[in-house]
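I opened the model to look up its charged pairs, its strand pairing and its ring contacts. My notes follow in the order in which I looked.

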Amino acid sequence: MARAWEADPSALFERRLGRSAEELGHSDGNDECPDIWQLDNGDVAVIGRDLTAVYRTRLPHGVNLAPGERLVVIPGNVLSAAKKDIPDA
């Protein structure tokens with residue numbers, strides 16, 4: 001059975017949404033994660049801490065992780081900083 005949506009691994013990073021980890025104080029100067037990027041196909045890549053194993057047994061009702069999916073956590077201010085770059089639906 002085909003999935004309703006599939007990530008395109010050929011999509012390229014197009015633009016950062018929000019500010020860099022360094023600008024937000026979440027980096028040691030190496031501009032490491034966390035980060036949010038729009039890909040050239042319109043999808044969004046999120047770089048954060050992989051906490052899949054920690055949260056897998058604590059997901060709210062109706063929330064599932066399919067094989068190949070990972071749950072990542074980013075600081076709230078990283079998402080808030082990206083708000084201006086995310087268009088309304």
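I began with salt bridges and found 3 in the structure, counting a side-chain nitrogen of Lys or Arg within 4 Å of a carboxyl oxygen of Asp or Glu. The model is predicted, with local features needing pLDDT of at least 70 and side-chain atom pairs pLDDT 80 or more, while totals for chains, interfaces and linings use all residues. Residues are numbered from 1 along each chain as its sequence is written, and side-chain values use heavy atoms, with hydrogens and water left out.

**Salt bridges.** I looked at D35 and R16, whose side chains meet at 2.8 Å, N to O. D35 is in strand β2 and R16 in strand β1, so this pair ties together parts 19 residues apart in sequence. Strands (E, at least two residues) and helices (H or I, at least four) are DSSP runs numbered from the N terminus. D35 is buried at 6% relative accessibility, and R16 is partly exposed at 24%. I used under 20% relative accessible area for buried, over 50% for exposed and in between for partly exposed, with a 1.4 Å probe and protein chains only.

I then noted R70 with D50, their closest N and O atoms 2.9 Å apart. R70 lies in the loop between α1 (52-55) and β5 (72-73) and D50 in strand β4 (residues 49-50), so the pair links parts 20 residues apart in sequence. I also noted D85 with K84 at 3.1 Å, N to O; D85 is buried at 15%, whereas K84 is exposed at 67%.

**Strand β2.** I checked burial along residues 35-39: 5 of the 5 are buried, so β2 is largely enclosed by the rest of the structure. D35, W37 and L39 cover one side, I36 and Q38 the other. β2 pairs antiparallel with β1 (residues 13-16) over 3 bridges and with β3 (residues 44-47) over 4; pairing needs at least two DSSP bridges. The β2-β3 hairpin has 4 residues between its strands, and G42 in the turn has a positive phi of about 95 degrees.

I looked up Q38 and found R15 opposite. Their side chains make a polar contact at 2.8 Å (N or O atoms within 3.5 Å, one able to donate a hydrogen and the other to accept it; residues adjacent in sequence count only if both atoms are side-chain atoms).

**Rings.** I found 1 aromatic pair, taking Phe, Tyr and Trp (six-membered ring) centres within 6.5 Å, with planes under 30 degrees apart as stacked, over 60 as edge-to-face and the rest as tilted. F13 and W37 have centres 5.7 Å apart and planes at 80 degrees, so they are edge-to-face.
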